[in-house]
Amino acid sequence: MSTGTQTEVVMPQMGVSVSEGTITKWLRQPGEPIGRDEPLLEISTDKVDTEVPSPAEGVVAEILVQEGETVEVGTVIARIAPAGAEIAPAPAAPAPEPAAPAEPAPVAAAPVETAPPAAEPAAAPVAATPASPAPAPAEPAPVAAAAGGNGRSFVSPVVARIAAEHGVDPTAVAGTGTGGRVTKKDILAFIESGPAAAPAPAPVAAPPAVAAPTPEPVAEVAPVAAPEPAPAAAAPAAAPPPPVAPSAPPAAPPQPPAPAPAEGEPLLLPGEQLEPMTAMRRGIAEHMRRSLDTSAHVTSAIEVDMSRVVALRKKLKPEYEAAHGVNVTYLAFVARAAVETLKEYPWVNGEIRGDQIVTRGNVNLGFAVELADGKGLIVPVLKNAETLNLLGIAKGVVDIAQRARDKKLLPDEVQGGTFTITNPGGYGTFHGTPVISQPQAAILGTYAVVKRPWVVQDEMGQDVIAIRPIMNLTLTYDHRLVDGALAGRFLRDLREKLESWDEAAY
Amino acid sequence: MPELTYIQAISDALRQEMRRDQRVFVLGEDVGVYGGAFKVTLGFQEEFGPWRVIDTPLSETAIVGGATGAALMGLRPVAEMQFADFISCAWDHLVTVAAKQYFRGRTPVPMVVRLPSGGGFSGGPFHSQNPESSFAHIPGLKIACPATPHDAKGLLASAIEDPNPVLYFEHKHLYRRIKGEVPEERYTIPFGQARVAREGDDVVVVTWGAMVHTAAEAAETLAGEGVETEVLDLRTVIPWDRERVLESVRRCSKVLVLHEDTRTGGFGAEIAATIAEEAFEDLDAPVRRIAAPDTPVPFSPVLEKAFIPQVEDVVTALRELAAY
């Protein structure tokens, strides 16, 4: 195939402090055409999840880093060939080892390592195990994730020597050591079992048989020293699997790598399943734990009569929608009032830095946003929220929430928050104790607006019971910095602003 | 073949050597009338008389100094330290005189110092040490660390026969705990030849002294899990059987070096370094060391158990090596 003008796709730099990224999903497979700036893959870093556009128009020539793998910024992860270049159409056996980007072999059979998304996992035989809940391409490949350590990439001195003496590629040996590492026993057994009947070039009947997860035949015939790419090496790998294959033997249709049962994974009890932690999940886990270890969390709650806000919203909603296409939510009202209140409570908008207290004149308002798949949370930040009126905040919230769900946030948009609002009330919850987003001092929880019997005073000054829309607000604060009385006053003032909403002021 | 305890084997060997060679004599604190702190020389004074079983003052300097002089003059002294820990008082005579005398004056010093060593019975910091590594660093000294009654006898005979000063570390915890068949007739075991205490091909433990038994017990557990562990008993630390160790490393490719002495600068470090230099390309896992932590030996039984490598520690390390 032509390789002359291929364009390399590298792991992009997603923010100054981000040094590596995890491939979560390839949106195009080798052989598929792609336009410039069309989404090529999705990546996940410790800051954001995002799509990476193709740097060139053409055809995906090869994918060098598999889903679930984490590589440093700048690593070549794929190549795009010019349109019209002939590309090996489809992957063959899903080799469980990571692709070898270091291998400069011109045998561009490498891309075939990836699993064809077309392969229907439902057709997988019993061996696919109940432990793989529909291994859709969106899932990072569990096998690759398991090898995330130095399992498959590290080769012990004795294995390296034996491999060199016998001309064997150690990455082609199925490893039984920790993290799938190839042990001396593994490579000796591999050599002893002989070159397991390397298939003749392009044997049409062969693919099902070859598709066993152990990829020995391919690598065995590709001795390291061969200056010319051994044709036999490329041929079986390049042989396409039956394109239609409804009648393919059920024994081994090409399938996404099934979770490897052994390979240093924790033992599973019957009925249990494994799924790899995404970079985002790991980040959340680390942050939540660190926050609880850092701040002295205390939560105070207050009940707010939202009658005025409900009435206002009813009035403004059609206006805003007609004029600006924005749905103004209760959250926008609360956020606007909170920003206003924070002006008077700089410590609630502050942070402890070392043994100093930091306060600031602006409010960078974070909003906890649940991702569409329900498997993650991100906190985009509305910068300088004190400069926005109700409409501005409503627009900002809709914008960042949508882009968070679409994974289109920029790294800077999830940093620098000074105060956070979380809104689990959408599901009807009326109370919670959220965890502070470090290094902030507090987080505001907003809950469901519920109609409740409420004691109010009539014009005569008599107590009467009325039906009022009530919302609970919680302030979870770092008691190292914010005292209970301060938090109480903050909530009181916030309630006051909401209950006596001054339309002109906001 | 009679079955003897470890301490009986030492006692028998010493008696046998004294009977066959008039030049052999023992000296030490309370070795005569009292029969020695651990009764190794019980009855010796009755048999050999006070001039060959000499009670000395409480002075390790005098004991080793006197033994060195006697050896220079052609005798074969076997000096006893009540505890190996006390040898430091005799450092100068041992290290400056005995170890270097042959190089300095071509006069050999065929002397043996018996050193009851090791912990496991709450002896605390002054009665539990294994200072073999300190002396392994001194050229001119030889060091034996028998693990079995059979080796205890054969190595003591070799030590007495050897023209160099030999430190003979006898492990107190093995004295009456370990029994084994010991030939009645005299025999020697050459220095520098390791013994395969247990055969295996998956992992090799290189050790000596009481840890041989710890390793063997751990190896039994691993055998139940399908991992065959070779236990290599060095028997003598100086000279040590490099070739045998390297052979095992090349075969098993995974090594655990185990000793009861503290870790830093322990002789296990020398073994590990040698393996790294000579057999790097045969390693399938990093060389693993288990040793006591770098503290004095604690009195408290609980702490001492935490200090001395235990069977469970070895089992864990072997599992990790096997799985690496």
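Reading a predicted two-chain model

Of the 324 residues of chain B, 52% count as buried. This is a predicted model, in which local features need pLDDT of at least 70, side-chain atom pairs count only at pLDDT 80 or more, and totals for chains, interfaces and linings use all residues. Residues are numbered from 1 along each chain as its sequence is written, while chains are lettered from A and ligands numbered from 1 in the order in which they are written.

User: Why is helix 9 of chain A called oblique to helix 10 of chain A?
Analyst: The axes of helix 9 (residues 330-342) and helix 10 (residues 390-405) of chain A come within 9 Å and cross at roughly 120°. Helix 9 of chain A is therefore oblique to helix 10 of chain A, since angles under 35 degrees count as roughly parallel, over 145 as roughly antiparallel, 65 to 115 as roughly perpendicular and the rest as oblique. The axes are lines fitted to C-alpha atoms over the stretch in contact, with angles from 0 to 180 degrees between N-to-C directions.

User: Which residues of helix 9 and helix 10 of chain A meet?
Analyst: L331(A), A332(A), F333(A), A335(A) and R336(A) of helix 9 meet L390(A), I393(A), A394(A) and V397(A) of helix 10. By class, this contact has 8 nonpolar, no polar and 1 charged residues. Contact requires C-beta atoms, placed from the backbone, to lie within 7 Å.

User: Why do strand 3 and strand 12 of chain B stand at the edges?
Analyst: The open sheet of chain B has 7 strands in the order 3-2-4-5-7-6-12, with mixed pairing. Strand 3 (53-55) and strand 12 (236-238) each have a single partner strand, so one side of each is left without a neighbour in the sheet. Neighbouring strands are turned by 20° against each other on average, direction ignored.

User: How do you know that strand 2 and strand 3 of chain B pair?
Analyst: Two strands pair if DSSP finds at least two bridges between them. Strand 2 (residues 24-28) and strand 3 of chain B have 3 bridges, in the parallel sense. Within strand 2, V26(B) stands opposite V53(B) of strand 3.

User: How many residues of chain B are in contact with chain A?
Analyst: 9 residues of chain B are in contact with 9 residues of chain A. The chain B side has 5 nonpolar, 1 polar and 3 charged residues.

Methods:
Two residues are in contact if their C-beta atoms, placed from the backbone, lie within 7 Å. Ala, Val, Leu, Ile, Met, Phe, Trp, Tyr, Cys and Pro count as nonpolar, Asp, Glu, Lys and Arg as charged, and the others, Gly among them, as polar. Helices (H or I, at least four residues) and strands (E, at least two) are DSSP runs, numbered from the N terminus. A residue is buried if 20 or more other C-beta atoms lie within 10 Å of its own, exposed if 12 or fewer, and partly exposed in between; C-beta atoms are placed from the backbone.
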